[in-house]
Amino acid sequence: MNLLESQLVKLALKGDQAAFAELVELYQEKLYHMAYRMLNNRQEAEDVVQETFLRVFNNLERYNDSMKFSTWIYRIATNLCIDRLRKRKPIYSLDAESTEYEGLDGYSMIPSDDRTPESELLLSETQRIIHQAIDTLPPKYKTVMILRYIHELSLQEVGDILDMPVTTIKTRVHRGREFLRKKLEHRL
Amino acid sequence: MNCKVAIEFIHQYLDGELDSKQFEQLQTHLQQCEGCMKTYEQLERTDALSRFALQSSIVNTGRSEADVNQLKHSIMANLPKHRHAPSKARFVRWLYRYPGLTAAAVFLVVMVFSFFASWDHDAKLIISGSQDDLQHIVINGNTVIVPEGVELTGDLVVENGIVEVKGAVSGNVTVIDGQMVLASTGHIAGQSKVIDQALDWFWYKVTSSFSEVIPQ
């Protein structure tokens, strides 16, 4: 257990706003990138981060040291992302590639996210292709792959966050990798 | 080694979970099997590129310092002012800590309420007795009359009314919140009681429920 984090949790529990702000500082961007990769939408990613911290704040006294703070906060954020992906699905499948526009899928047609940042344009063609392939992963593989790769979390940590046995995580990493390999086979 | 095992070993190798002996076995197979070698190269590239793409996008998603600060500000601004009313939380925690006491307190509250509710109800005339006896009774307003020449064989209980006994009653007569008038011709073989106080009434309820339970 990270000593600094458990100390900050204790202080925040006593009502120390600055300590909570410190926790926000530590995790905000990590969670944002995870959520952004999951949802592929800036606004939704920010909403998820905001809601995660609200939940953390309201449930601080329920947090116990048996779990790493990072595991706990990632668990909350991942669940929020998965919920959003599930709610999105029945409307229309974003994963389905449009037949009209070659290579475009539903994600690229979400109107709310028109704030394309200038440096996103700096992404190489290779990176863009890979991100597209990751976006098409089914949610259960996507979650595992993103958690595993984005912050180099161990298989055990990913298992803790998703509350699943490590063997399940391994299987999902293998299937996810296989899925991506087939997607990228002819494009790279 | 067959190809299925080889693929599994490749994944484990990329997970960093293959020991050196297994790695040697895999190498031997890859040198002989062109298909697996190709898959291995693809998987290795996929793995490295995914990691690279996901991690480099952290540096490279175009989040300006303003974006970061704005999000932080809105997180802090949207937190509730007080996490919760502490006294309430303490009370609720107390309830969880002493479930026995909580149950006892709830039981007591319910008992007290039901007691007062049943004692202090409206002034409805209630008569109870055996069915044969009730046929002979005359009710006039809130007055219950046992007419002359009639003999009641069982007990008679009247709530919120006046009882005039002109005939004979071989059982007990009990009047709750009312009056009893015994005419000169009347005769009560059993006990006669008038109850109009909560404590008496309560005592009566308790003793009567016991005497009902225990046959005399």
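**A residue in the interior and what surrounds it**

Ile130(A) is buried, because 25 other C-beta atoms lie within 10 Å of its own. Please keep in mind as we go that this is a predicted model. The residue belongs to helix 5 of chain A, which covers residues 125–135. Beyond residues up to four places away in sequence, Ile130(A) touches Leu49(B), Ser50(B) and Ala53(B). Within chain A, Ile130(A) and Leu184(A) are separated by 54 residues in sequence, and their C-alpha atoms are 7.5 Å apart in space.

From here we can follow chain A along to the next helices. Helix 6 (139–150) and helix 7 (155–162) of chain A have a loop between them. How do these two helices pack, in terms of angle and axis distance? Helix 6 and helix 7 of chain A meet at an angle of about 130°, and their axes are 10 Å apart. The crossing of helix 6 and helix 7 of chain A is right-handed. On the helix 6 side of chain A, the residues that meet helix 7 of chain A are Thr143(A), Val144(A), Leu147(A) and Arg148(A). Their counterparts in helix 7 of chain A are Val158(A), Ile161(A) and Leu162(A).

The loops at either end of helix 7 deserve a look too. Most residues other than glycine have a negative phi. Glu152(A), in the loop between helix 6 and helix 7 of chain A, has a positive phi of about 55° although it is not a glycine. Glu152(A) counts as exposed because it has 11 C-beta neighbours inside 10 Å, and the cut-off for exposed is 12 or fewer. Asp163(A) sits in the loop between helix 7 and helix 8 (166–184) of chain A. Its phi is also positive, near 55°, in a residue other than glycine. Asp163(A) has 10 C-beta neighbours inside 10 Å, so Asp163(A) counts as exposed as well.

Now for the nonpolar interior. In soluble globular proteins, nonpolar side chains tend to be buried together. The largest nonpolar core here has 50 residues, of which Ala35(A), Ile73(A) and Ala77(A) touch the most other members. Helix 2 of chain A (residues 17–39) supplies the largest share of this core, eleven residues. Leaving aside neighbours within four places in sequence, Ala77(A) is in contact with Leu31(A), Met34(A), Ala35(A), Val48(A) and Thr52(A). Apart from this core lies another, of eleven residues, which include Leu156(B), Val165(B), Val169(B) and Val173(B).

Four strands of chain B form an open sheet in the order 1-5-8-11, with mixed pairing. Its edge strands are strand 1 (126–129) and strand 11 (192–195) of chain B, each pairing on one side only. On average, neighbouring strands of this sheet are turned by 10° against each other, direction ignored. Strand 8 of chain B (residues 173–176) runs parallel to strand 11 of chain B, and four bridges join the two. One bridge pairs Ile176(B) with Ile195(B) in strand 11 of chain B.

Methods
Residues are numbered from 1 along each chain as its sequence is written. Chains are lettered from A and ligands numbered from 1 in the order in which they are written. This is a predicted model: local features need pLDDT of at least 70, side-chain atom pairs count only at pLDDT 80 or more; totals for chains, interfaces and linings use all residues. A residue is buried if 20 or more other C-beta atoms lie within 10 Å of its own, exposed if 12 or fewer, and partly exposed in between; C-beta atoms are placed from the backbone. Two strands pair if DSSP finds at least two bridges between them. Axes are lines fitted to C-alpha atoms, for helices over the stretch in contact, and angles run from 0 to 180 degrees between N-to-C directions. A nonpolar core is a set of buried Ala, Val, Leu, Ile, Met, Phe, Trp, Tyr and Cys residues joined through C-beta atoms within 7 Å. Two residues are in contact if their C-beta atoms, placed from the backbone, lie within 7 Å. A crossing is left-handed if the near helix is turned anticlockwise from the far one by less than a right angle, and right-handed if clockwise.
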